[in-house]
Every structure is written in C-alpha cells, then in structure tokens.
Amino acid sequence: MADEEGPTVELRQRKKLKSSENKESVKEEKISDTPIPERAPKHVLFQRFAKIFIGCLAAVTSGMMYALYLSAYHERKFWFSNRQELEREITFQGDSAIYYSYYKDMLKAPSFERGVYELTHNNKTVSLKTINAVQQMSLYPELIASVLYQATGSNEIIEPVYFYIGIVFGLQGIYVTALFVTSWLMSGTWLAGMLTVAWFIINRVDTTRIEYSIPLRENWALPYFACQIAALTGYLKSNLNTYGERFCYLLMSASTYTFMMMWEYSHYLLFLQAISLFLLDSFSLEQSDKVHEVYKIYIFSLFLGYLLQFENSALLVSPLLSLVVALMLAKCLQLNVKKGTFIAKIMKVINFYLVCTLTVTLNIIMKMFVPHRENGHMLKFLEVKFGLNMTKNFTMNWLLCQESLQAPSQDFFLRLTQSSLLPFYILVLIICFLSMMQVIFRRIGGKSLKETITLEDGRIGGRPEIIYHVIHTILLGSLAMVIEGLKYLWTPYVCMLAAFGVCSPELWMTLFKWLRLRTVHPVLLALILSMAVPTIIGLSLWKEFFPRLMTELMELQEFYDPDTVELMTWIKRQAPVAAVFAGSPQLMGAIKLCTGWMVTSLPLYNDDDLLKRNENIYQIYSKRSAEDIYKILTSYKANYLIVEDAICNEVGTTRGCRVKDLLDIANGHVVCEEGDKLTYSKYGRFCHEVKINYSPYVNYFTRVYWNRSYFVYKINTVISFQS
C-alpha cells in the first residue's frame, strides 16, 4: 500500500509546489549556465565593499559638511558669537522663542523630574491657564536636549544655546545623509546621492526652514522621517537578503516612532505614506506581507505614542489608525482567488471600496466615543481655503493671509527651474509613472511578468520601491500645489527622485525601449548617460552656484534690533516679577524667553482657546473704545500693554491682509457697497488714540516706557469707568 500511495502523494505535492519548483529549477539553471572563475567571488566581494565604503563615506561627509555649513552661515548671519545672551535669544522669533524658553526652564530646574512636572503642570506662561506644555507643544526634543546637555557634562564645555542649535544642525546633516542613501538605494550609485545633496543645498530656501526658525518641530522631526523612508526603500527592494531586511525593519520601527513623538502633525504625513503603500499593495506590485508588516509598525507607534504622550487622543482619532485597522480587517476578509481572473479583478475593486468605507466609518466611530480636542479652526480654514464657505472671522482671514498657507508663487517654480531641478524631476516622474501604468495594465490583463527585473528589460515601473516613491511624491506634490508651506515636505523628495532618475541606467533603458533605439546599443548608451548626465549637471551647478554659497559664508551680516533689546532690558529691570504682559503673540513669545514674565497669549495655532485670546488681544489695533480694550485686558489679568508701531502703522503687506484691516472686517467697521469699502466707527483706532494721552484713555492706561518701536502702558486699577 505504501508503494501504491507514494506516487499519488508525490503528484499532489508537485501540484502544490509546482511554482516553487519552477523557481528553484530556473535558479539552478542560471547557476549551472554561468561558470564563475575561482577568484571571481573575492574580486566581486572587494568591488562591492569598495563601492559601499566609498558611498557611506560620501554620505556621512555630505551630512557633516552640510551641518558645518549651516553652523557657519548662522554665525555669519547673526554674528552669534559676538553677542550677549539677550541679543542671541532675540534671534529666536515667534513660536521658536517658546520652544527654546522651555529648554532653558529645564536646565534651571533642580532635577529632571521636577522640570518635567513643572512643564506638564505649567501655570507660569499664560495667565489664568494651566497647560501641559509637553503634550500641547511636543516638547520632547527639549527634554532630550536638556538631558543630553547635563548628562554629557557639556555645561562645562559649551553654552546651552550652542548645544541646542548644534543638535538641530546635526539632525539636518542626518536628514541630508538619509536623502543621499535613499537616492543611492534606488539608483544603485552613490553619484545620485551627491546630486541629491547638491540640489538640496542649492534649493535650501524651498527645502528647509532651518535658516528662519531653528527650533521648529519639523526641523527636529523630518530627519527621522527621512531615515524612515530610506529604511522603507531598502525594505521594499525585491533582492534584499534576510539580514538587510531585518536591519531595515528595525530602523524603520525606531524612526517611525521617534518621528511621531517629535511632531504633532507626523501622523498626517504617515497617513499619506500609508495610502501610498495601500495603492502599492492594491496593484500587486509587492508582496502583501511586507506592506502589512509596515502597517503593524504604524499601529505599534500609534499606541506607544498614545501612552507616552499623556494619552494623546489625537492619535486615536487620527485617519492613520482608521486606515490601518481598515486594511487589517479587509485582509482578514479577503478570499484566496487565482490572480488574473475576472473574479480576482472584481475582488480587488470590492476590497478597495471596503477599505475606503471602513476607514471613514471607523474614524467617525472613534471620534464619537473617544474624547478629543477637535481642531475646528483647521476644518473651517480648509472650507474657506477651497471656497466652500465665506467668513469675516479674524483668525480665519489672518491664516488665509499667511504666505505659507497660500498657493506657491511663480518665484518658487522659477527657482527650481533655474537650478535645473524641476525639468529633470518632471522627466523622471513622467517616465516612472508611465512605466508603472504599463506594468499595472499588464498585471490587470493577466500577463505574467518576470519576477527579477534586469537592465535589458527596460521596466523601471516594475520595481516596488520606485512605484512607492512615485505615488508618494504625487500625493505630497498635490498638497504643495495648494499650500506653499507644505513645499518643505515635497521639495527634498523632488531632489532625491530627480537625482535617482538621471543616474539610473534602468530609467534611460526604459525610455530607449519605448523609442525602439537601434542605431546604438541601448544598454551601453543607458550606462553612458547615467554617468554623463549627472556629471554635466554637477559641473554646471558647481560653476553657477558654488561661488554664491561661498559669498554667503564670506559676507558678515548683522541682526540689529536695539529697540527690542531695550524693551526686554526695561522689563527685566523695572517690571514686577508677578506682572502679566499683553501684546501681539509674536512679541509675547520673545518676552517669555528673554524675561520669563507671564503673558496673555502665545504664537501657537493648535489651540482654540489661545487663538481666541490672540484675536481678543489684537483688538488693541482695532477701532474700539478704551473701555472695551480695558475690559478685555483685565479679563486676562494683564498689568502691562505693549503697542507695536510696526503693526499700528503697518503699510508693507497687501492691503486687506494687514492686522488692522482684518480687525475692521471682523468688527463690522468696513462695509462693502458696490465695490467700494466704507469705513465706519465712532471710535478712532485704539493704538493711535492711546498715544495722544487724553481722556478717557489716560483714565485706564498710563504710559511708562517707549522707544521708536514699542509703547508700554501700565493698565490702571480703576473702580469706575469714565466715558
């Protein structure tokens, strides 16, 4: 019986393992057909080692040189080393001042535990308000920086401000290195990494905001996101060995979680990445197992972040969690159907619809049952931005007037074109996208494609890591075309994708196969162009832009703001320690950093209460009565009012976007009739009237200090109001 049953079992096993046996036989045929000399393995190993060593050296050197360049440029721009501590702190503008002030508070704390407690129960920053500053402002970078500064004994070697900005500049070096590695992994040559770095630095006005505001959360977070993308690129490669796959997976896990901890908006960016991976999986361009392993990383990072960020409910109601859970459920419900059949195509459509429906449904359910802080102002802003609603609200119109929230200007595209970045990016994107669509349609049509893609195939759209980047850059680019501030997420990957394309023989081979080039051997020409084109681009960039970069480092600029220095000095010397100051949010951030005094508002726009405070305090530049302003200021327990001449007499910005214009619209002091704007108010503009020192203004406010830019008024303690 055993002899009779044996052949039957063997036949069954052959049916089940037919595909795997075919693969093994193909591999065996390849190995047997290609005889290798005895010394070849050592020679190949040495070549690979030399290539990796030189590439890694170039990547690390590029990152270090960029960090040193930023440090030198910052020194030249602000003349930082020759300034007093107060003058250095004034260079931190707006919300950057708030972040650095909490770093200072941590260094002053008697212990780390006490410092964290004071930040999580902070009632010394905003009057009448206790906030968890660590959660609300994502102060984990400041906590880590303060621990490193004290634990490494750096307090005996370097000043706190240099240590702080040095970490940020170092992270920017890691950012550049990660982009280098990503481009290298995609193209197979470190020449692409060098070109990526060159384009990144030349277009740094559009690739990073490090020059304008060092402590921004994105400057701390995006380097980790770049590392995550580099690891994901390696992880998606088809020819990766087991050890390389594990390393990429671990790096991806660590960088994803760190990125989520550093920036409150990180889960939105990861949501776009998850959509890209979902589309990649839907088109069967990569094994589903790998993509679903990345989904597990998302879930782990979200829940760990939720626990360590003081049960941050924003992570539970984020679209990322809803999408990943929907994808997991859809996979459980998925049926095993033979690929290429009509039923399989129908199932793909049903699965796509199911994921989209489940994502929306789960997100609605989570928001119903999980208590969370609704970002209502952001939803209203998007409605007004896309013309779905009209409003006179000051905050909404003020946000719409911000340059970073408007559509990109023509100058942005002109700068990218002058550096030759945009033309090559468009060329690479078109070729990769068309090749991707070609592969997708072949798969939909049930045509079998080679599992291992060679250079001769000219099919760059079959590589999963390339397709992921194409989808991701299209999503980021679509957002950047609507809101200019998002260009800082998109432009670095424009540099990386364009550099990869021009240095990739596969891309040129794909183009030549479409053109059916026969006069010259296409493989040889593709290899020549993949070396010649980036070399020519690099030489032209060196000739045109390198002298400019050197000129920037040679020019000694000076940040000169004596009026603000005088104001901060007066506050520290004359104002009582318990005093509360009121004024524009940007100035309040500087006062909190430079003096430590309590303020009524902060330059933060993720909290509805703070936005309402900002709008109320800005009324000092409106046409309201002295009594109204007094009531507003005393409701926040303010003792001093600071009027800025630059806002009161603002003329530089576009008419209609000035603070006083927006206030007039919100307060109904501007009436539009037949295209004409008519102004009406029985009161003059407060910031003008209070300077004249006549009744009733002198009954409520007493001027105690002034210079060319600022007027400081003490808010009088009065019992009865006079009209």
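Helices (H or I, at least four residues) and strands (E, at least two) are DSSP runs, numbered from the N terminus. The model shown here is predicted: local features need pLDDT of at least 70, side-chain atom pairs count only at pLDDT 80 or more, and totals for chains, interfaces and linings use all residues. Residues are numbered from 1 along each chain as its sequence is written, and side-chain values use heavy atoms, with hydrogens and water left out.

**View 1. Helix α22 and a nonpolar surface patch.** I430 lies in helix α22, which spans residues 421–444 and gives the most to this patch, with four residues. The patch is formed by I426, I430, F433, L434, I474 and W514, with about 490 Å² of accessible area together. Areas come from the Shrake-Rupley method with a 1.4 Å probe, and for residues only the protein chains shown count as cover. I430 has 46% relative accessibility and so counts as partly exposed, a class between buried (under 20% relative accessible area) and exposed (over 50%), with a 1.4 Å probe and protein chains only. As a friendly reminder for reading helices, an α-helix has 3.6 residues a turn, so residues three or four places apart point the same way.

**View 2. Strand β7 between its partners.** Strand β7 covers residues 710–715, and five of its six residues are buried, so the strand is largely enclosed by the rest of the structure. Strand β3 (residues 640–644) pairs with β7 in the antiparallel sense over five bridges; two strands pair if DSSP finds at least two bridges between them. Strand β6 (residues 701–706) is also antiparallel to β7, again over five bridges, and the two form a hairpin with three residues between them.

**View 3. Aromatic pairs across the sequence.** Rings of Phe, Tyr and Trp (its six-membered ring) pair if their centres lie within 6.5 Å; planes under 30 degrees apart count as stacked, over 60 as edge-to-face and the rest as tilted. By this rule the count comes to 37 aromatic pairs. One of them joins W570 and Y640 edge-to-face, at 6.1 Å centre to centre and 80° between the planes. W570 sits in helix α27 (residues 562–574) and Y640 in strand β3, so the pair ties together parts that are 70 residues apart in sequence. W570 counts as buried because its relative accessibility is 15%, and Y640 counts as buried at 8%. Y630 and F701 form another edge-to-face pair, 6.3 Å centre to centre with 70° between the planes.

View 4. Helix α12 (residues 217–236) has 20 residues and reaches 28 Å from its first C-alpha to its last, close to the 28 Å expected at 1.5 Å a residue; the expected span is 1.5 Å times one less than the number of residues. In α12, 19 of the 20 residues are buried. Helix α28 (residues 585–594) has nine of its 10 residues buried, so α28 is largely enclosed by the rest of the structure. G596 follows α28 and has a positive phi, near 85°.

Technical notes. Patches are made of residues with over 30% relative accessible area and no salt bridge: like charges are joined within 9 Å, nonpolar side chains (Val, Leu, Ile, Met, Phe, Trp, Tyr) within 5 Å. A salt bridge is a side-chain nitrogen of Lys or Arg within 4 Å of a carboxyl oxygen of Asp or Glu.
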